[in-house]
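Dear colleague,

Please find below the structure I wished to pass on to you. My notes on it follow.

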Amino acid sequence: MKDLPDRRLLLVHAHPDDESINNGATMALYAAAGAQVTLVTCTLGEEGEVIPADLAHLAPDREDRLGPYRAGELAAAMKELGVTDHRFLGGQGRFRDSGMMGLEQNHREGAFWSADVDEAAAHLVEVVRSVRPQVLVTYDPDGGYGHPDHIQTHRVAMRAATLAAEPGFRPDLGAPHAIAKIYWNRVPRSVAEEGFARLRACEADFPGVAEIGDIPGVVDDSEITAEIDGTAYADRKAAAMRAHATQIAVDGPFFALSNELGQPLFTTEYYQLVAGESGAEPGEREHDLFAGVSS
């Protein structure tokens, strides 16, 4: 087996831009520290709404060329974060963006939401057994905010983590590997409230302000088990988000999606440990996702 870095982090996301919004500072921090950071994106985000008017022709109801364009945006974002290992689940275009919950796109041919979970998970098992991460980051069972692709990403990531460790499952995909720690993306409610207070007190150039319910993964502070201070990488996170120009408009420490509603850009990022042992003292939060993990 090839030599691997001592620390190996795998992040599994639904669409291009999700990684930069949720984990951009974390990814930049660990990449700069020499960890192996691997990102797997499950779809190309073909059903996204396009913000810049001069790119509106890419939209799914027009030329339907948004997916490949967003793949280019993702490559640019990864360059900003210093991440060199990015893959699409099953290869670029294998699974298509399913659109928002309840739309007919949920069930179109190739839609990720309609994919067999074990079949999709097998593609991720191959990545897990190759990269052999100690830490996996993905969404909670609701996908953070109920998007079908985010929910499916959760299901596929968690299933792959189980299957990758089973010696009897698809030995052709590599030697079994057990992931030591699994985290879900989270935002503490107090941090979200403080961020919106800052936004309302300033003059950010957005037509309106989002609500706390618009932020994926907001939970009571007591559910947070890890916080990663990425303030030293704030510029890199913002640059990565700007690279996703079809989807995100950044204004200083704030940003908006296609709904033009401002929300805070968080440079300390938060997680909930759901599998594995915490490396922190009882009642304390971890400040390193690899805390307590041996190489």
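**The annotated binding site**

For "binding site", the unreviewed UniProt entry lists His15, Asp18 and His150. In this predicted model, these residues cluster in space with a largest C-alpha distance of 9.5 Å, although they are spread over 136 residues of sequence. His15, Asp18 and His150 also belong to the lining of the largest pocket.

His15 lies in the loop between strand 1 (8-13) and helix 1 (18-32). Its relative accessible area is 6%, so His15 is buried. Leaving aside residues up to four places away in sequence, His15 touches Thr41, Thr43, Gly45, Arg70, Asp97, His147, Asp149 and His150.

Asp18 is part of helix 1. Asp18 is likewise buried, because its relative accessible area of 8% falls under 20%. With residues up to four places away in sequence again left out, the contacts of Asp18 are His13, Asn23, Tyr139 and His150.

**Helix 5**

Helix 5 (residues 189-201) has 13 residues and reaches 18 Å from its first C-alpha to its last, close to the 18 Å expected at 1.5 Å a residue. Its buried residues are Val191, Ala192, Gly195, Phe196 and Leu199. They cover an arc of only 130° around the axis and therefore sit on the same side of helix 5. An α-helix has 3.6 residues a turn, so residues three or four places apart point the same way. The exposed residues Arg200 and Ala201 are carried on the face of helix 5 turned away from its buried side. Among the elements covering the buried residues of helix 5 are strand 5 (181-188), strand 10 (254-256) and strand 12 (268-275).

With kind regards

Methods:
Residues numbered from 1 in each chain as written. Predicted model: local features only at pLDDT ≥ 70, side-chain atom pairs only at ≥ 80, totals over all residues. Heavy atoms only, no water. UniProt positions renumbered as here; feature names shortened; annotations may be inferred. 1 Å grid on protein atoms, 1.4 Å probe; cavity = no way out; pocket = protein on both sides within 12 Å on 5 of 7 lines; lining within 4 Å. Helix = DSSP H or I, 4+ residues; strand = E, 2+ residues; numbered from the N terminus. Buried < 20%, exposed > 50% of the residue type's maximum accessible area, 1.4 Å probe, protein only. Contact = heavy atoms within 4.5 Å. Expected span 1.5 Å × (residues − 1). Arc of directions from axis to C-beta.
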